[in-house]
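Open the model in your viewer and keep the selection panel at hand.

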Amino acid sequence: MASFGGRLFGPNLDGAGVAAFGQWRQERLVVQTDAQEWVAAEHSTISATGFNATQLSVAWSEPQGVYHFFVDAGPARKTFSDGMPPGLAAHVGAANRAARSVERRFKLWWAVLAGIALAPIVALVLLAWRADDVLNWVIAQVPHEIEAKLGDLVVAQTRAHMRVIESGPAVDAVKRIGERLTAGSRHNYRWLVADKSEVNAFAAPGGVVVVYSGLLQATDRPEEAAGVIAHEVAHAELRHGLRGMVKSLGVRAAASLVLGDWSGAALQQAMASLLEMKFSREAEVQADAEGLRRLVAARIDPSGMASFMDKLAAKDKDAAPPEWLSTHPASNDRADNLRSAAAALAGPWNALPIDWAAVKGGLPATVTSK
Ligand SMILES: [Zn+2]
């Protein structure tokens, strides 16, 4: 007869139990220790016990008290189950089901607890993962009229804070170059020349490009100015400014602008964010590529873009970088990339028929600072 190991607990036995073997004999459980043998009563109870209820035990009563025989897990348990009398098998089936159910409940609770603990982390990961998609979606919802309205505001703000040069060869030149670079655009571009000594330019949503007189003074030929203007146009066309505004305002404030709430804090914030905007390195690389594409489409020699960048990098290393050079340390790479990209492009280029000396000579002699 096949026997199975286990541990017996009961009256006059060691409190920690005694190693024992069990056997089925004529439908009765016989338990043997080194010293003694028990034949379990006919009406023994079988139950699932232990941690996770995976252990089977048989209990029966003797005059001196109740005995419990715990069947070892693994092969012993299988031997115990296989030899079991049919009457008891039903019992064990119930015990096994109870064990499985406890195990399931236990696993479920773990899952719930783990879920509660991890939920904020999961939410954050999902949010970070989808943040760009959400932002892209929001930006795609902004109608062009709103963009144009933002552009109007930027023009008004620029006029309020800077002296804008209203006419003359520099204004004509910027407009002429800009129009060649934006043929067919959905925006109605506004080209502004600000009387400011910084070598800078910026673009705003809705097709606003502001070029500082200091930048024009720093160029040697119209193609260099065209390179910067092309880069700024690319930012406007790719909606980088709009994206930056929505990002810094938060979706709620941006939504209120989109819905037509032009009063209040959101607008003030929008203006502030635009003037201090720094685009990501990725956006700058994108604007360089799109700017280059526009120069080529307009048949303007694209080498001016890189040469002007080089010139400025060599000239004042300590000066704060203008917007279109803002993503240090990438600017050396950017100039290199632009140079090799421009060199690979085949001309011929249509020279810009602009008297550049007249443009620079027509600017105010002493540019005002700030
Ligand atoms: Zn830029």
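How many bridges join β8 to strand β9, and do the two run parallel or antiparallel? Select β9, residues 190-194: two bridges join β8 to this strand, and the pair runs antiparallel. Look for Ile165, whose bridge partner in β9 is Val193.

A word on conventions. This is a predicted model: local features need pLDDT of at least 70, side-chain atom pairs count only at pLDDT 80 or more, and totals for chains, interfaces and linings use all residues. Numbering starts from 1 along each chain as its sequence is written. Helices (H or I, at least four residues) and strands (E, at least two) are DSSP runs, numbered from the N terminus.

Now show the whole sheet. Its four strands lie in the order β8-β9-β11-β10, open, with mixed pairing (strands pair if DSSP finds at least two bridges between them). At the edges sit β8 (164-165) and β10 (201-204), each pairing on one side only.

Next, select helix α4, residues 169-181. α4 packs on the sheet and touches β8, β9 and β11 (208-212); contact here means C-beta atoms, placed from the backbone, within 7 Å. The direction of α4 makes about 145 degrees with that of β9 (axes are lines fitted to C-alpha atoms, for helices over the stretch in contact; angles run from 0 to 180 degrees between N-to-C directions).

Finish with α6 (residues 222-237) and α10 (residues 281-297): their axes come within 8 Å and cross at roughly 115 degrees. Among the contacting residues are Ala230 and Val233 in α6, and Gly291 and Arg294 in α10.

How values were computed. Contact = placed C-beta atoms within 7 Å.
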